There are 2 protein chains.
Amino acid sequence: MATKKTAPIKAASKAKSKAPIKKMNAFYAQSGGVTSVINASACGVIETARLHKDKIGKVFAGRNGIIGALTEDLIDTSKESASSIAALRQTPSGAFGSCRFKLKSLEANKVEYERLIEVFKAHNIGYFFYNGGGDSADTCFKVSQLSKAMNYPLQAIHVPKTVDNDLPITDCCPGFGSVAKYVAVSALEASFDVRSMCKTSTKVFVLEVMGRHAGWIAAAGGLIEDHGIPVVILFPEIVFDQKKFLARVDKLVKEHGYCTVVVSEGCHHPDGTFLAEQGSKDAFGHAQLGGAAPVVANMVKEALGYKFHWAVADYLQRAARHIASKTDVQQAYELGQKAVELALAGKNAVMPTVERISDVPYKYKIGVADLAKVANVEKFMPRNFISKDGFGITDKCKKYLNPLIAGEDYPKYKNGLPVYVQLKNVAVEKKLKKFDVK
Amino acid sequence: MATKKTAPIKAASKAKSKAPIKKMNAFYAQSGGVTSVINASACGVIETARLHKDKIGKVFAGRNGIIGALTEDLIDTSKESASSIAALRQTPSGAFGSCRFKLKSLEANKVEYERLIEVFKAHNIGYFFYNGGGDSADTCFKVSQLSKAMNYPLQAIHVPKTVDNDLPITDCCPGFGSVAKYVAVSALEASFDVRSMCKTSTKVFVLEVMGRHAGWIAAAGGLIEDHGIPVVILFPEIVFDQKKFLARVDKLVKEHGYCTVVVSEGCHHPDGTFLAEQGSKDAFGHAQLGGAAPVVANMVKEALGYKFHWAVADYLQRAARHIASKTDVQQAYELGQKAVELALAGKNAVMPTVERISDVPYKYKIGVADLAKVANVEKFMPRNFISKDGFGITDKCKKYLNPLIAGEDYPKYKNGLPVYVQLKNVAVEKKLKKFDVK
C-alpha cells in the first residue's frame with residue numbers, strides 16, 4: 001500500500017509568535033465510543049509531544065475524557081515507559097477511559113468552562129487535544145473558543161475518531177477502516193459457512209452491524225459480492241421496504257441456495273422506527289430490547305420459510321484490533337502526530353484530516369480542516385455509493401472502501417492471546433477543590 | 001509450541017492382507033456444522049491420499065456430505081490443482097458442502113445402506129472418510145458395519161471435527177481450539193472497550209457463544225480473567241441461578257466498574273428451558289426467537305439498572321479462520337493425514353485422536369479410538385474445570401485450554417480480504433439411476 005507520509009511541519013518556527021510563549025503542558029482525552037485504533041492516535045500524540053520537550057512539557061490525559069479535566073482527574077503519561085506508549089499502537093479501546101459527555105454552550109453552562117480554565121491554569125496546560133467523533137468535535141470547538149472568551153491562551157486541536165465514518169471534510173475517520181475490515185472478513189467467512197450448510201440447513205445468514213445514522217459500516221459487507229457471495233445490505237439511508245427485501249432474498253436463495261444479509265442497526269421503517277424496535281414484550285410484559293438481526297431473520301422465516309442464523313457483532317466489531325486495517329492504524333497514528341505538529345505551529349480550532357490523492361495506487365496526505373466546519377455535521381453515504389435497488393454498493397463505493405481495509409497490522413501474541421497494554425495511569429496530584437460533574 | 005508430529009504408519013505393509021486387494025478409490029465427506037479448520041482435515045486426507053496413488057485411486061468427495069453418496073453426487077477432487085488443495089488448509093467452512101443428515105439403523109432403513117453400497121461399487125470406492133462430530137461418528141460407525149453385513153469390502157474411518165469439543169476419547173476436537181481462540185480474543189477486546197466506557201456508559205457486556213450441551217466454548221471466555229478482566233461465565237452444565245448471577249455481576253461492577261458475561265447458548269433454567277426461550281411474543285403475537293445474550297442483558301438492566309451491550313457471535317465464531325489457532329489447524333491436518341494412514345494400514349471403524357502428553361511444553365501424539373466407543377457419546381466439561389461458584393474456570397481448565405488456542409495461523413490476504421479457495425467441484429459422471437433422499 002502506497003501512502004504519503006506527513007512531513008513534519010516546517011511552519012512551526014514561523015508561527016512561533018502565535019504559540020504559547022512559555023513551555024506548557026498538553027491535555028489529551030478520548031471521547032465517545034472507543035475504537036480499535038484510538039490508542040494509535042494517542043500513541044501519535046504522546047510520542048510526537050515527547051519529541052518536542054523544548055515546547056511541550058508533559059502530556060496529561062483526562063481520565064474518562066473531558067470528565068477528567070472537569071474533576072481534575074489527570075493522568076501523568078510521563079510516568080509511562082516508551083515501550084508502553086509504543087504498545088498503545090496495537091491496543092484497542094481507550095487506554096485512559098472515555099466518556100459520553102457533551103459540554104453545553106458557553107452561555108448555558110459557564111461554570112463548567114470556568115472550571116476547565118481553572119484546571120488548565122493550575123496544571124499549566126496550553127494544548128488541548130480531543131480525540132473523538134462529531135459530538136466531541138463540538139466540545140473541542142467550544143473549548144477552542146475559551147481562549148478568546150476567557151482570555152486564556154489555549155490551542156484546541158481535534159483528533160478525528162469514529163467507527164461511523166461520518167465526520168465531514170476528512171476522506172475517512174480512524175476506526176472506520178478496521179471495523180469495515182472486520183465486517184467484510186466476518187461476512188465473507190460466515191457466508192462460506194452458510195454456503196456449506198444450505199443444502200439441508202441454514203439458507204439465510206443475517207449479520208447486524210453498527211451505524212445508527214450512516215451506513216458506512218454496513219456498506220463494507222458489500223465488498224464480499226466480488227467474492228461470489230449473494231449479499232443484501234440494509235442501509236439506514238434507505239427506508240426499509242419489506243416486500244422488496246423479501247423478494248430480493250427469495251431470488252438470491254433460489255439462484256444460489258443461500259444468501260447473506262448485512263443489516264445496519266439504524267435500518268428503519270417508513271415511519272422512522274428502527275427495525276430493532278418491534279414493540280415486542282417478554283413473558284412478563286416488559287418491553288423487549290431486540291436487535292435488527294433477529295427481527296430481519298424472523299421476517300424471512302415467517303414469509304419465506306428459510307432456516308436462518310443471525311449474529312450481532314456489537315462491540316466485537318469496533319474492538320477487533322486483532323484484524324485491524326493497516327491503513328487505518330497508520331492513519332490513526334499520523335493524525336495524532338499531525339495534531340501535535342499543528343499545535344506547535346500555533347493552530348487553534350482545527351482538525352487534521354485524511355485527504356485522498358488517488359484510489360489505485362492508494363495515496364493520501366494529511367490535511368487540515370477548520371473545526372467550525374466539522375462540529376455537528378454528519379456525513380452520510382452518498383446515494384451513488386448505494387446501488388440503484390438500494391440493497392448493495394456501487395463500484396464507486398468499492399473503490400472508496402478497498403484501500404481503507406487494505407493491509408493487516410497484527411498485534412503481538414503471548415500464549416494465544418494478543419498482548420494489549422494496560423497503562424499504570426498514575427494520577428497527577430490535585431491542586432484544586434472538588435468539582436461535581438452533573 | 002512444541003508438538004509431536006505423527007510418524008507415518010509403518011504397519012501399512014504388514015496389514016496389507018486386510019486392505020482392499022486392488023487399488024480402490026476413496027470417498028470423503030464433511031458432515032454437520034462446519035468449522036474454520038474442517039477443510040484443513042480435507043487437505044490432510046487428499047494430500048496424503050495423493051502420496052499413495054499405488055493404493056488409493058481418486059478421492060471422491062460427497063457433495064453436501066453423505067447426501068452426495070446417496071444421490072451419487074460425487075466431486076472428483078483429482079480435478080483440483082495441488083495449490084487449490086493446499087489452500088484448503090487456510091479456508092474455513094466445508095469446501096464440498098456439508099449436511100445435517102443421520103442414517104437410521106441398518107434394520108430401519110436398509111434401502112439407504114443398499115444404495116450406498118451400490119454407489120461405492122459403481123465408483124470402485126473402498127475407503128470411506130467421514131469428517132464430523134458425534135452424530136456423524138454414528139453414521140460412520142454404521143457405514144463401517146456395512147462391510148460385514150453386506151459383504152462389501154469397505155474401510156470406514158471417522159475424522160473428528162466439532163467446535164463443541166464434545167467427542168469422547170480424543171483430548172480435543174479440531175475446530176474447537178480456533179473457536180476458543182476467537183471467543184477469548186473477542187471477549188478480551190470487548191472487555192477493554194467496556195472498561196473504557198464504564199464511567200458514563202456501558203457497564204456490562206454480554207457475549208453469547210455456541211455450545212448447546214457442553215460449555216467448552218464458553219469456558220474459553222474464562223481465559224481473560226488472567227488479563228485482569230472481571231468475567232462471569234454461564235455454562236450449560238450449571239443450572240442458571242438468577243439471584244446468584246445478579247449478585248455476582250453487581251459485586252464485580254461495584255469492584256471494577258464493569259464486567260463481562262460470556263453466556264453459552266445452552267445455559268438453562270432449573271426446569272430445563274433455555275434462557276433464550278423466554279416465551280416472548282412480538283407485536284403480532286408471534287413467538288419471538290431471541291438469544292440468551294439479550295435475555296441476560298435485559299435481566300441485568302431490570303434488576304441492577306446497569307447499562308449494557310450484547311453480542312451474539314453465532315457463525316462468526318466457528319467460521320473465523322482469520323484468527324484460527326495454529327495448534328488447531330495443525331491437528332486438523334494431522335488427523336486427516338492419519339485417517340488415510342489408518343486406512344492404508346487396513347483399519348476399519350476407527351477414529352484418529354489427539355492424545356495429550358504434556359501441558360507445558362505442550363506435547364501430543366495422534367492416537368486411535370474404536371468408533372464403537374465414540375459414536376453417540378458426549379463429553380461435558382468436568383466439574384473440576386468449573387470454579388466452585390459455577391461462574392468461572394479453574395487453573396486445571398486453563399492448563400487444558402491454553403495450548404489449544406496457542407499460535408496464530410494467518411491466511412494470505414489480497415486487497416484487505418483473506419484469500420479463501422473456492423474449488424471447481426467437478427461432478428463425477430453418474431452411472432446409476434436417480435435416488436431420492438427423504
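In which sense, parallel or antiparallel, do E7(B) and strand E8 (residues 259–264) of chain B pair? In this predicted model, E7(B) and E8(B) pair in the parallel sense over four bridges, where strands are said to pair if DSSP finds at least two bridges between them; helices (H or I, at least four residues) and strands (E, at least two) are DSSP runs numbered from the N terminus. Residues are numbered from 1 along each chain as its sequence is written, chains are lettered from A and ligands numbered from 1 in the order in which they are written. Local features need pLDDT of at least 70 and side-chain atom pairs count only at pLDDT 80 or more, while totals for chains, interfaces and linings use all residues.

Within this pairing, B:Val231 stands opposite B:Thr260 in E8(B). The chain passes from E7(B) to E8(B) through helix H9 (residues 242–256) of chain B, in a β-α-β crossover that is right-handed, that is, with the strands pointing away from the viewer, the path from the first strand over the helix to the second runs clockwise. In a regular strand the side chains alternate between the two faces of the sheet. In E7(B) (residues 231–234), B:Val231 and B:Ile233 point one way and B:Val232 and B:Leu234 the other way, and all are buried, a term that requires 20 or more other C-beta atoms, placed from the backbone, within 10 Å of the residue's own.

In chain A, A:Ile233 lies in strand E7 (residues 231–234) and is buried, with 26 other C-beta atoms within 10 Å. Its contacts (C-beta atoms, placed from the backbone, within 7 Å), not counting residues up to four places away in sequence, are A:Ala218, A:Ala219, A:Gly221, A:Gly222, A:Val262, A:Phe391, A:Gly392 and A:Ile393. The C-alpha atoms of A:Ile233 and A:Ala219, 14 residues apart along the chain, are separated by 6.9 Å.

The contact between the chains takes 72 residues from chain B and 72 residues from chain A. The largest share of the side of chain B that touches chain A, 13 residues, comes from H7(B).

Chain B can be laid on chain A with an RMSD of 0.0 Å by a turn of 180° and a shift of 0.0 Å along the axis, the copies being superposed by least squares on the C-alpha atoms of residues with pLDDT of at least 70 in both. That is the relation of a two-fold axis. The same surface serves both copies, as 100% of the contact residues of chain B recur in chain A.

Terms used: Contact = placed C-beta atoms within 7 Å. Buried ≥ 20, exposed ≤ 12 C-beta atoms within 10 Å, placed from the backbone.
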